[in-house]
Every structure is written in C-alpha cells, then in structure tokens.
Amino acid sequence: MSTFGIKILQKGRNKMWSVVIGFSGFLMLVAATYDLLPVGLFILVISLTLISCGIILYAYEAYRDVPEGIKNNHNFFNSLSSRGWLGWLTGMVLTGFYILLYWFPEYLGQGDKSNTGLVAFFDPLSQLLKKQNASQWFVYGVLYTLAILIMGVKFIWKYKHSKYQLIRTLSVIFFQLAFAFLIPEFMLRLNMPYNDFKNMWPLNYYFFDGWHLQEMMQNGNIGWLMLIWGVLMIVVVSPVLTYFFGKRWYCSWVCGCGGLAETAGDPFRHLSDKSIAAWKVERYLIYSVLVFSVVMTAGVLYSFYSGISSIAGVNTASLRSIYGFLIGSAFSGVIGVGFYPLLGSRVWCRFGCPMAAILGIQQKFFSRFRITTNGGQCISCGNCSTYCEMGIDVRAYAQKGQDIVRASCVGCGVCSAVCPRGVLRLENGSIDIFDRGKKGRNFSQ
Amino acid sequence: MSKIAIIGNGISGVTAARFIRKNSMHEVVLISEESEYFFSRTALMYVYMGHMRWKDIQPYERGFWKKNKIDLIQARAESIQFDKKCIQLNNGSTVNYDYLILATGSKSNKYGWPGQDLSGVRGLYHKQDLEYLERCSSGIRRAVIVGGGLIGIELAEMFQSRNIPVSFLVREPQFWSMILPEEESKMISRHILQHGIDLRLNSQLKEINGDEAGKVHSVTLDSGEEIKCDYVGLTAGVSPNIKFIESSEIETDRGILVDEYLRTNIPDVFAIGDCAQLRNPRRGRRDVEAVWYTGRMMGECVAQTICGEQKIYDPGIWFNSAKFFDIEYQVYGQVPSKMTDDLESFYWAHENGKKSIRIVYEKIQQTVVGFNLMGIRFRHEVCEQWILRKSTLDKVLEEIRLAFFDPEFYEDCSAAILENYCKKFGKKIEATAGWRLDEANLFLNKNNQKT
Ligand SMILES: Cc1cc2nc3c(=O)[nH]c(=O)nc-3n(C[C@H](O)[C@H](O)[C@H](O)COP(=O)(O)OP(=O)(O)OC[C@H]3O[C@@H](n4cnc5c(N)ncnc54)[C@H](O)[C@@H]3O)c2cc1C
Ligand code: SF4
Ligand code: SF4
C-alpha cells in the first residue's frame, strides 16, 4: 500500500482512539450524575482531562500534518455536521441538558443543603476555588469555559492559515477564562458579589433588577465600581468601540455566547438559514426581543425607585420573570445552544440577542466597519454565504462588488477566511462611513 | 415589448436576463438543458468535496425567477431557424423570439485520444460530469488527470479530498507554464507535490486502455509507461459549445463570431460568454476568454444594447484569479509567461516558498503594465489605477502598501519587498503610502481614470 494510504489509515486509528478517550471522560460525568462515582478532586480532574485530551487529540490528528488552508472537506457528508443522526442526537442531548439545568437542576443533583450527582461531583473544584459548594451554575460555568478552551484550540488549528482567526480566538478564550470564570469565582471567595465585568445590559438582563442594584450598592466601593462600570459600558465603552471596529469587538472577540458559538459551534456554522425569509424573521424577532427587554427593564427600574409594583395593570416582577423564562432561559440557552447541530451556531445571537440588536443598529448606521470586496474577483461560488454563521448572503453583495454592511454581521471573518479568491476583507475606514455599502463597484461599467 | 430568448442559463445568460429585467419589461425566456436553476460552475468542486450542497451553489432562491418574470425552460435547443426567428427544442416544442442571445458556454476538449470514450473517462464541466464522477467515486483506487490547467488542478484537489490517489499528467515542463512565468510555475509544481499528488511533468497521454466491458483500467504515456487507474479526468482545456448551430448560416470560427456590440452576423442574434469569439478584441485581450467575469460583463452589456442603449463591450484591463490547492493566485494586466523584448519584471518571493509578487514593466518608460501575485492579495482597483495612470515602477513600489488586501494582522511584506527592490536595482526608495483603507480610498478617488 502507498505511504499515502498508510497515513490515512493511521489517522483513522488515532482519531478512533481519541474518540474513545474523550467519550470515557464524558461517560464518567454521566456516571457521576447517577452517583456511580466517588466524589473527589482527583477523579473530577481525570474526567475533565480525558474529555479535553480526547478532543484535542482528535483535532491534532485532523489538522497536524495538513498544510495551511481551508478545511471544510466533508462537512456536508459528516453526520454530525450535516444534521445526520449524530447531529440530531447531539442536539437532543444538549437540549436535554439545558432543560435540566434551567428548570430541573435537582436531577443534576442540585440540593438545598448538600449536593448529589453531577453537582456534587464538582463540589471539590468549587471548594478549591471559592470555598463553597458547587451549584448547577458552577458546573455549567466549568463545562462552558472548558468547551471554549478546547474547542478554541481546535478552531485555531483548523484556521491556522488566518492570523485574524488566531488572535480573535485567543481573545474569546481569554475573556471567558478570566472575566467570565476565574475573576467572578475569586470574587465570591472574597465575599464580594458575583460580577462578570464584560457582561453588559441588555444581554445581562438582570443588571437593573432591584436585587442586583441593591447588591451592588450595598457592597461598598467594589459594588459601586461594578455599577458605574456597568453603566459606562453601555453608554460610553460600547458605542465608542463599535464606532471604531463594528460590533465584532464584542460579538466575536469578547462575548461568552459568541465565544461558545465561534469555538464549540464552529462545526455547525454552515447550518444557519440563508433564505430571505429567515432574514425577515430575524428582523422581526430580534427587535421584538430588544423592545421587550427595554420595556421589562424600564418597568423593573420604575418599581425599584417608586416602590409601585405594577404599571398600567402589569406587574413588573412578572414581566421580568416571563422575560427570564422565555428569553433568558428558553431562547438563549435551550434553543440558542441546544439547537447548534440543527440550526447553526448563532441562533440566539442572530434572532434573539438584544445586545446584538443595539450594536447592530449602530454598526449599520454609524461605524467605520464594513467588509470590502475586491473588485470583480468574485466567482459567486457561495462559500462565504454558506459559512456565514449569521446567515448573511455575503455572495449577493460580493458578486456585485458591493461593501457588506449588515446589522447582524458579527465580524467573525470566516467568510473572508474561506473565500477561495480572497475577495473579502474586514476593514475600518473613516472617510466614507455614510457611503459604505451604497454603491456596487461594477466592473462592466 | 419584445420577446427575448436566451439559450444557456450560465453566468452570461443569467446576467443578461437579470439586466434585461432591470432595464425593461421585455418578455424573457431562459432555455437551458443542464439544470433547472442557475448554479455557479466555478463551485462544482466544492459540492464534491462536501463544502457545500447543490442548493448552496445556486446564487438565487427559487422564487427569484418568478418574481422577476423570467421564464425558465429546461430543454435542449436542437436547431434554430433564423429566418423564422424560431428555436426547436428537443422536447418537440418551439420558441419564437424577437431577439436571441446565445450563451451556450463551453465543453471539455477531447483530442481524439484512443480510448477517450471508455466508461470512467470524462471531463469536468457540466453538472452531469460531476454526478458521473460521484457515481464512480467509490470504485476509484487511482485516478489519472490529463491536462495541467485550472480545472485539472481543481480535479486533483477534489480526488484528494476523497483520499483517492492521483497521477497528474502535465505536458509542459512545469505546471501551467504556458501562462505562468517560470518561478511561479515552479512554485505551484512544488506545492502540488507537497500535497501528495503524483505530478508527472513533461508527460503526454498516448492512449487510454479499457477492459472487455469497456471500462478504463490504465493509461499509457508517451514514454511507454503504463499507469493503472479506474478513472481518467480529461481536463485539457475547453472550447466553445456551438456544435448545434455550426452548420447553420451563423458565422463561427472557434466560437460564434461577434462584433464589439456582441452581435453575430445575423440580425437580432447575439452571442456572449464562453461561446462567443470577438472579431476584434481590445488590445491586450484575447478573442475567446472563458472566464466567469467576462460572461457577466457581456451579459450586462448585451442587455443594455437590447434595451435600447447601444453599448460597446469593453472588459477593461485583464484580470483573473484562481487557487492552486492552498495558494491563491491573482493577475492584473499584462503578465506574459516569458518576458518579451520590451518588457521586464521585478520578482520577489517570500522565503516560505508560498508567496510572491511580480511586477511587469516596460523596459524603456519604466511604466508598470502587470501584476502577478501568489499567496498575497492585492486590491483590484489599485492595481488597475496604477496601470491606467501609467505609474512608474518606482512609484508603484513607493505606494505598494495601498494595494495589500490580505486580512488584518497578516504579515506585512512591504518592507521586505522594498528592501529587495532597492538591493536589486541599487535604488533608495521608501514607502510613502500606508496600507489603511482610507488611504487606498483617497488614492482611488484622486482623478479616477476610466478605462
Ligand atoms: C470546474 C470549473 C471551474 C471553473 N472555475 C473558474 C474560475 O475559478 N474562475 C473563472 O473565471 N472561471 C472559471 N470557470 C469557467 C467559467 O465557469 C465559465 O467561463 C463560465 O461558466 C461560462 O459561463 P457561460 O454562461 O458562458 O456558459 P455556461 O456556464 O457553460 O452555461 C451555458 C449553459 O448553456 C447550456 N447549453 C449549451 N448548449 C445548449 C443548447 N443547445 N440548448 C440548451 N442549453 C444549452 C449548457 O448546458 C450550460 O448550462 C470554471 C469552469 C469549470 C468547468
Ligand atoms: S458576514 Fe462574514 S464576518 Fe460577518 S458574520 Fe458573516 S461570516 Fe462573519
Ligand atoms: S466572495 Fe468569495 S466565497 Fe463569496 S461567492 Fe465570491 S468568490 Fe465565493
């Protein structure tokens, strides 16, 4: 047999082993959920290490000796990444996990006084970090961060031909690990309120909740710092950065939801719906959620300051809990991540996130950011549109030689990275902000 | 209101239909045999490789055609009675027209090799070729590709994505050396080998051998060597697909002959895209150019002419691009494979062996006439303006950063390029322009020259 053939066989065997390793770690978590494993830091670390090693080895095998370049071979043949049975199975497992997590945490072992099952399995790590027992949210946070970390490594290997992707992925990994996970955990250890400094209203919809405002105000300097920083983020930091760089500074460089979508969600990005109908739905949905979140927040704030619990007969607290249930849990969690293998990785960011809606409006009308197209070089192949996780029909613009200025574009840069003719470039320019996207450069004059 | 029939729903025919609709309310009928809806021929490879599904390579949604009142007929035009303005279709029906646009594209070349019609031997051009290849694929232990052009290398990449070993026969001493200058040609040959392809340079096909069942089992080369294989991809170029009207009164040579308005010798009949051959091509351009964007430009041009605003077809300065496995290639302007007496070129290659730029200039005036780029992206408009403005080589190098179109954070090679240039020519030149979009825009807006 040729050396070529041997290499392929070897690759296949190594990949199989990595699946076995990763899966055994995962099975340990399942066993722990049913209290079949002893609780201890060591065994937890083994389980998480097996999962991580499995995935990393798999990615290493897949990308190690292949030259730099676009790596989308077989995406639409592979059962996991093309809505085959593996995709559906993964979707169901994820969705099931989210349903338990949000609404039935007791099945994961969350207890009033002491934990059992999966949550208890994470107690030792939680004790180590913050000297408290774990909660279902701690379990979730650890798994979430780990997913971004190891799938981020895979992403970097896959897109090693693009330095933009490398730096951007390091950025989301950093913000998740430091800002969303470690800093808040240590703050809890120091008896300070939980705070994720990069999380911003309205994505962080409880920011203006009465209990949260109170918590911050009652915590002295650090609490006030959180409050002021939170407000500054909304009114100064975010508009300024979005003006200079577009919404990508947040959505694909910093945000945790975006971080998960870009890393763990990458194998599913091409499953987003590109139809014009989907674009219509997107606009109705996302701006409705934005309006809902503003109304809800205004109501909650009104009640907090006036002490009156309802406006025009509507109880603000129940408005808040409807929002929390429908948007905060069902939409962003269960559908947003659970449906990755079915609807693509950015369902929440595209159809639901009110933060994305605000940044998007600004990006569309007042920002330097756009994707420019290189003259007449587009061959209408459709790779850009297919791999746009936001379902933007990039090709429709590129083949006309038109800049792409779309509210929903998160600036992930993948369209540019997969274009076989180097047509697309993410750019910031100041002299033509109001002309972006207006004219097609038509080379047939 | 007139009735316009278009034969061929490739990029040329479809662009013509779209622009006729944009400019008028004429009735438009789009007749094509190959597929119900328009698709990107350039993306066939990605369907085979699993990057996209068939529906992803169709640039317009199904509802688009109805909404724009473009009638689609999937059938083959068998013959045309030009005097009666009537097309006969293979389904027995006929279509009358006031204006006819022929946009029938190309077909793969077959040079009469013995065995070229065996089963398992096929070109790659039409949707049906891809479907055929897909049907054969599970039984291919080795494939042979004949002809080292752009489609050949795409086919090699396709086979490789399915882990099918490939022998790639190239007649020339290096890959595509009829078009690429020597250094670039060598770079790509090396790159092909790095991808594990059995590249055979200076190799010609002598015959294709089959078994009793009429299925290919090997090829024999000029050298006498025999290579066992289960599939032979014929990719030795394409030529205009005009057989069905060659015997009619329409004037043809290699393609359908057209004037500068894309008119054939028959009134109200036009030809565009791959199937058209210009009687008088513009200086620096060829009479048959089988590339995507010329089809698009011709389609738009002919639409304007038919809609009442006579327009001369002017494709401007030549450009093109391709991808050789992982190396992107762009060309702007004139880049001969061997420099002629009056032309010289400055060539710089990155030490990684996967990036290079070549700037071609006139020896005496030092004006820049062309760019050849490997693994580095340049801005189309900037290169075009340099050529139109007749910028000198020194000036272009000073302004070189304006052209870079590589993504953010990519290695900025301009310093290395300038250093190399100064050393080679004993000059002292510094970059005066930056690489930001604003600067490129200012440059482009400054008395923007029209072609
Ligand atoms: C694999 C491949 C890759 C390519 N990659 C590139 C690239 O990267 N860049 C680039 O610039 N170009 C590329 N090309 C070339 C490019 O695709 C062609 O130049 C372009 O498609 C020509 O468009 P067209 O509209 O003139 O003809 P076609 O796209 O060939 O369309 C003609 C249509 O007319 C139909 N037809 C023909 N005769 C009849 C008849 N008698 N009755 C009914 N229908 C008929 C045909 O079936 C066909 O569907 C590639 C070509 C191939 C095959
Ligand atoms: S348009 Fe490009 S950069 Fe924007 S979201 Fe889509 S793939 Fe990412
Ligand atoms: S921009 Fe690039 S990826 Fe998109 S259709 Fe054009 S050539 Fe293909």
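In this predicted model, 3 salt bridges are counted between chain B and chain A. One salt bridge pairs Arg421(A) with Glu154(B). The closest N and O atoms of Arg421(A) and Glu154(B) are 3.9 Å apart. Polar contacts also cross the interface of chain B and chain A: 27 residue pairs are found, with both residues at pLDDT 80 or more. On the side of chain B that touches chain A, several elements each supply at least two residues. Among them are the helices α2 (44–48), α5 (150–161) and α8 (292–306) of chain B. The strands β21 (319–324) and β22 (327–333) of chain B are also included, as are α9 (380–388) and α12 (437–445) of chain B. By class, this side of chain B has 26 nonpolar, 15 polar and 20 charged residues.

The extent of the interface was also computed. The size of an interface is often given as the accessible area lost when the parts come together. Chain B and chain A bury about 5,100 Å² between them. Of this area, 47% lies on carbon and sulfur atoms. The contact takes 61 residues from chain A and 61 residues from chain B.

Over all chains, the structure holds 46 salt bridges. One of them joins Asp230(B) to Arg141(B), with the closest N and O atoms 2.9 Å apart. Asp230(B) lies in the loop between β15 (226–228) and β16 (231–234) of chain B. Arg141(B) lies in the loop between α4 (127–137) and β10 (143–146) of chain B. The pair therefore ties together parts that are 89 residues apart in sequence.

Helix packing was examined within chain A. Two packed helices are described by the angle between their axes and the distance between the axes. Helix α8 (residues 210–217) of chain A packs against helix α9 (residues 220–245) of chain A at an angle of about 135°. Their axes are 6 Å apart. The angle makes α8(A) oblique to α9(A). From α8(A), the contact involves Leu213(A), Met216(A) and Met217(A). These residues meet Gly220(A), Gly223(A), Trp224(A), Met226(A) and Leu227(A) in α9(A). The residues of this contact divide into 6 nonpolar, 2 polar and no charged.

Two backbone features stand out in loops of chain A. The peptide bond from Trp201(A) to Pro202(A) is cis, with omega near 5°. Pro202(A) lies in the loop between α7 (163–189) and α8 of chain A. Ala312(A) has a phi near 45°, a positive value in a residue other than glycine. The loop between β1 (310–311) and β2 (314–315) of chain A holds Ala312(A).

Key. Residues are numbered from 1 along each chain as its sequence is written. Chains are lettered from A and ligands numbered from 1 in the order in which they are written. This is a predicted model: local features need pLDDT of at least 70, side-chain atom pairs count only at pLDDT 80 or more; totals for chains, interfaces and linings use all residues. Side-chain values use heavy atoms; hydrogens and water are left out. Axes are lines fitted to C-alpha atoms, for helices over the stretch in contact, and angles run from 0 to 180 degrees between N-to-C directions. Helices (H or I, at least four residues) and strands (E, at least two) are DSSP runs, numbered from the N terminus. Angles under 35 degrees count as roughly parallel, over 145 as roughly antiparallel, 65 to 115 as roughly perpendicular and the rest as oblique. Contact means heavy atoms within 4.5 Å. Ala, Val, Leu, Ile, Met, Phe, Trp, Tyr, Cys and Pro count as nonpolar, Asp, Glu, Lys and Arg as charged, and the others, Gly among them, as polar. Buried area is the accessible area (1.4 Å probe) that two parts lose on being put together, summed over both. A salt bridge is a side-chain nitrogen of Lys or Arg within 4 Å of a carboxyl oxygen of Asp or Glu. A polar contact is a pair of N or O atoms within 3.5 Å; within protein, one must be able to donate a hydrogen and the other to accept it, and residues adjacent in sequence count only if both atoms are side-chain atoms.
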